[in-house]
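Subject: Structure handover

Hi,

Here's the structure I said I'd pass on.

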Amino acid sequence: MTSTSTPPGLARFNTLEEHAALTALHEACASTAWAKRLLAARPYATPEDLYAGSDAAMAELTVADLEEAMAGHPPIGRPKAGDPTSAREQRGMSGASDALKAEMLELNLAYQERFGHVFLICATGRTGEQMRDAVRERIGNPPEREREIVRTELGKINRIRLARLVEED
């Protein structure tokens, strides 16, 4: 594939100085191991190559790496102040009733107490009710099963964030 067919955002990412590229990747995912693996595989010919690299890196993350990645995510219903990414991703909670927001806070706390980390879900396009129903369903999972669900959800989030990165001009 020629450089003229590489999307401008991907071409820019491919040529970023290492520190700047690592910073951009950390904005997508807080896992250092994930970011370093993607960084080491540059340049990417297509966005699909980058997404496949992300999926492969996600599959290899250790429990500690997953914990590092999850630490970069705020609880559902409480996006980080001044962070347009988490606010955009959690948009489904912005119009939720006070009762639903209070219920999500309680569920988030119960989930965090059970598993030791925030409830992680790819919230993009989900309503507040869908997120509430998901945490209700998942809170009963065994920790090993929940860790694999978190890995899958994190992979979805990373793909969405990487798409935004490579689509930027």
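This is a predicted model: local features need pLDDT of at least 70, side-chain atom pairs count only at pLDDT 80 or more; totals for chains, interfaces and linings use all residues.

Residues are numbered from 1 along each chain as its sequence is written, and side-chain values use heavy atoms, with hydrogens and water left out.

**The core**

The largest nonpolar core has 44 residues, and F13, L25, W34, L50, I76 and L162 touch the most other members. Helices α1 (8–15), α2 (18–28), α3, α4, α5 (63–70), α8 (98–115), α9 (128–138) and α10 (143–167) each put in at least two residues. The top contributor is α10, with seven residues. By nonpolar core I mean a set of buried Ala, Val, Leu, Ile, Met, Phe, Trp, Tyr and Cys residues joined through side-chain atoms within 4.5 Å. Buried is under 20% relative accessible area, exposed is over 50%, and partly exposed is in between (1.4 Å probe, protein chains only). Helices are DSSP runs of H or I with at least four residues, numbered from the N terminus. In soluble globular proteins, nonpolar side chains tend to be buried together.

**The pockets**

The largest pocket holds about 400 Å³ of space. Its lining has 16 residues, with A24, E27, A28, T85 and R161 nearest the centre. Helices α2, α6 and α10 each supply at least two lining residues, and α2 gives the most, with four. The lining divides into five nonpolar, four polar and seven charged residues.

The second largest pocket has about 200 Å³. Of its 13 lining residues, E67, M70, F115, G116 and H117 are the closest to its centre. Here α5 gives the most, with four residues, and the lining splits into seven nonpolar, two polar and four charged.

For the terms: on a 1 Å grid over the protein atoms alone, a pocket is an open set of points where a 1.4 Å probe fits, with protein on both sides within 12 Å along at least five of seven lines, and lining residues have an atom within 4 Å of a point. Grid points are joined across faces, edges and corners, and a volume is the space filled by probe spheres set on the points. Ala, Val, Leu, Ile, Met, Phe, Trp, Tyr, Cys and Pro count as nonpolar, Asp, Glu, Lys and Arg as charged, and the others, Gly among them, as polar.

**Single residues**

The peptide bond from R42 to P43 is cis, with omega near 0°. P43 sits in the loop between α3 (32–40) and α4 (47–59). Not counting residues up to four places away in sequence, N14 touches R42, P43 and Y44. N14 itself is in α1 and counts as buried because its relative accessibility is 16%.

G92 is in helix α7 (residues 91–94) and is partly exposed, at 27%. Beyond its neighbours within four places in sequence, G92 contacts R126, T127, G128 and M131.

Cheers

Notes: Contact means heavy atoms within 4.5 Å.
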